[in-house]
Number of protein chains: 2
Amino acid sequence: MAARGVLVVLSGPSGAGKGTVSQALLQAEPNLTLSVSATTRPPRSGETDGVSYYFVSREKFSMMIDGDEFLEWAGVYGDFYGTPRLPVEEALAQGKDVLLEIDVQGGLQVKNKFPEAVLIFLLPPSWPELAARLTGRGSEPPEEVQKRLQWAKRELQSLPLYDYAVINDRVEKAVEQIRAVITAEKCRTERFSDFKI
Amino acid sequence: MAARGVLVVLSGPSGAGKGTVSQALLQAEPNLTLSVSATTRPPRSGETDGVSYYFVSREKFSMMIDGDEFLEWAGVYGDFYGTPRLPVEEALAQGKDVLLEIDVQGGLQVKNKFPEAVLIFLLPPSWPELAARLTGRGSEPPEEVQKRLQWAKRELQSLPLYDYAVINDRVEKAVEQIRAVITAEKCRTERFSDFKI
């Protein structure tokens with residue numbers, strides 16, 4: 001039987017580069033699979049149910065909350081998003097590692113429900129760099145950039161509640177550090193309680 | 001200023017391959033330095049003071065114990081061996097990682113005095129393999145092999161008190177896992193308490 005996989009939660013402020021790092025990490029780690037969220041928002045063109053998201057009704061989402069079927073969930077602008085527990089459990093039991101790319105509040109919810117989760121905080125190299133990245137996108141008006149910077153400051157206050165921090169100054173280095181964390185977590189003696197020589 | 005180094009304790013039963021793995025690890029990690037023990041036994045030919053060991057008198061060793069100058073020490077067949085704290089502290093402060101290759105009792109003493117130490121237990125791939133390795137050396141009489149196997153069983157009972165376990169089925173794999181542990185430990189959020197963006 002394969003050894004149980006590791007649940008990796010990757011969080012960090014908008015502009016830290018979570019998406020880029022996640023994609024590079026999934027490329028580098030064939031045993032790592034991205035968790036698919038459930039949402040009540042309608043599918044956009046090109047989105048496939050069970051791949052982009054599990055698209056569910058508000059009634060179904062509500063029932064899933066009541067049944068404690070989420071590792072974490074949140075409401076955003078009137079829609080709901082959550083991480084269903086069952087597919088994560090199944091993947092881990094098969095020995096797959098699972099990646100959740102969620103915000104800090106979600107990460108802390110997961111740790112609460114699932115203490116074995118490994119929480120990694122992705123940090124921008126510096127404050128000016130974060131501001132430059134958010135401004136450089138050009139897609140956000142200046143007030144929105146300011147709001148995200150303020151939000152980043154708030155999120156950073158939860159850094160000590162995370163297990164690991166990785167500074168994203170170079171994507172390859174950040175990916176290498178996250179891979180090292182996964183390897184190291186598999187070497188924890190807690191995972192050797194059945195070990196007999 | 002360089003970030004503080006990591007103190008790595010590598011232990012494991014006789015025959016697990018600590019020496020081979022340590023040497024390969026030191027080759028692969030230029031930032032890692034092997035701690036030099038102090039001993040009361042006289043130097044053998046070819047041994048240099050401060051390189052192989054710090055050779056000290058019994059009086060000096062005794063004073064060092066009284067002054068709490070050891071991270072761990074033990075008496076073996078009438079001679080004393082110990083890890084002086086000061087050189088380790090200096091190396092860590094300079095950002096060097098330090099490797100201690102010591103037995104399980106010593107490792108647990110270190111953890112007690114120095115909770116930030118990272119304890120890694122090197123495991124043989126299997127019991128028959130351990131027996132084969134100990135017998136295969138040909139240098140030990142069968143009673144001595146049996147004694148070491150019994151001792152290995154006792155040491156293994158302390159596995160849960162260690163932080164990590166690495167199975168030495170292939171030296172390169174064991175080295176890679178230990179390197180991942182060092183990288184991961186440097187990403188622990190405890191080490192980011194001064195982080196400001």
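B:Asp68 lies in the loop that links helix H2 (58-66) of chain B to S5 of chain B. The model is predicted. The predictor assigns the complex an ipTM of 0.91 and a pTM of 0.92. For chain A the mean pLDDT is 93, with 99% of its residues at 70 or more.

B:Asp68 has a positive phi near 55 degrees, although the residue is not glycine. B:Asp68 counts as exposed because it has 9 C-beta neighbours inside 10 Å, and the cut-off for exposed is 12 or fewer.

Strand S5 (residues 70-76) of chain B runs antiparallel to strand S6 (residues 79-84) of chain B, and six bridges join them. Across this pairing, B:Glu72 is opposite B:Thr83 in S6(B). The hairpin of S5(B) and S6(B) has two residues between the strands. B:Tyr77 sits in that loop and also takes a positive phi, near 50 degrees. With 5 C-beta neighbours inside 10 Å, B:Tyr77 is therefore exposed.

| Residue | Phi | C-beta neighbours inside 10 Å |
|---|---|---|
| B:Asp68 | near 55 degrees | 9 |
| B:Tyr77 | near 50 degrees | 5 |

Chain B also meets chain A: 25 residues of chain B are in contact with 25 residues of chain A. On the chain B side, strand S8 (118-123), helix H5 (127-136), strand S9 (164-167) and helix H7 (171-186) each give two or more residues. H7(B) supplies the largest share, five residues. By type, this side of chain B consists of 19 nonpolar, four polar and two charged residues.

Technical notes:
Residues are numbered from 1 along each chain as its sequence is written. Chains are lettered from A and ligands numbered from 1 in the order in which they are written. This is a predicted model: local features need pLDDT of at least 70, side-chain atom pairs count only at pLDDT 80 or more; totals for chains, interfaces and linings use all residues. pLDDT is the predictor's confidence in each residue, from 0 to 100. Two strands pair if DSSP finds at least two bridges between them. Helices (H or I, at least four residues) and strands (E, at least two) are DSSP runs, numbered from the N terminus. Two residues are in contact if their C-beta atoms, placed from the backbone, lie within 7 Å. Ala, Val, Leu, Ile, Met, Phe, Trp, Tyr, Cys and Pro count as nonpolar, Asp, Glu, Lys and Arg as charged, and the others, Gly among them, as polar. A residue is buried if 20 or more other C-beta atoms lie within 10 Å of its own, exposed if 12 or fewer, and partly exposed in between; C-beta atoms are placed from the backbone.
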